[in-house]
Amino acid sequence: AEGHKTLREAIARASVQCYAIEGRYPPSVEYLEENYGVQIDRERYNVFYEGFASNIMPEITVIPISR
């Protein structure tokens, strides 16, 4: 039940780590998957990642998929 919360926090941590290393927030969640080891079970969760600018923390929303 807490899986979506844990996933959102993991994406946020990876985004901050990317900012610390690269000086910018990642352009997409796929970038985090490819470069920062974030794993998303897309059969269980929809992830919405909206960045306004490379120096502003993106809006991250994780919604469980109903079955």
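Student: How many salt bridges does a search of the whole structure find?
Tutor: The search finds 4 salt bridges. Keep in mind that this is a predicted model.
Student: Why would side chains pair like that at all?
Tutor: Side chains that carry opposite charge can pair when their charged atoms come close.
Student: Okay, which residue does E2 meet in a salt bridge?
Tutor: That's K5, with 3.8 Å from N to O.
Student: Moving along, what does R24 pair with?
Tutor: R24 forms a salt bridge with E22, and the N to O distance there is 3.2 Å. R24 has 30% relative accessibility, so it counts as partly exposed, and E22 is partly exposed at 31%.
Student: Got it. What about E33, which side chain does it meet?
Tutor: E33 meets R42 in a salt bridge, 2.7 Å from N to O.
Student: Which residues are joined into one network there?
Tutor: E30, E33 and R42 are, through salt bridges that share partners.
Student: Back to accessibility: what is the relative accessible area of R42?
Tutor: R42 has 38%, which makes it partly exposed. For E33 the value is 25%, and E33 is partly exposed as well. The cut-off for buried is under 20%, so E33 does not count as buried.
Student: Thanks, that helps!

Technical notes
Residues are numbered from 1 along each chain as its sequence is written. This is a predicted model: local features need pLDDT of at least 70, side-chain atom pairs count only at pLDDT 80 or more; totals for chains, interfaces and linings use all residues. Side-chain values use heavy atoms; hydrogens and water are left out. Buried means under 20% relative accessible area, exposed over 50%, partly exposed in between (1.4 Å probe, protein chains only).
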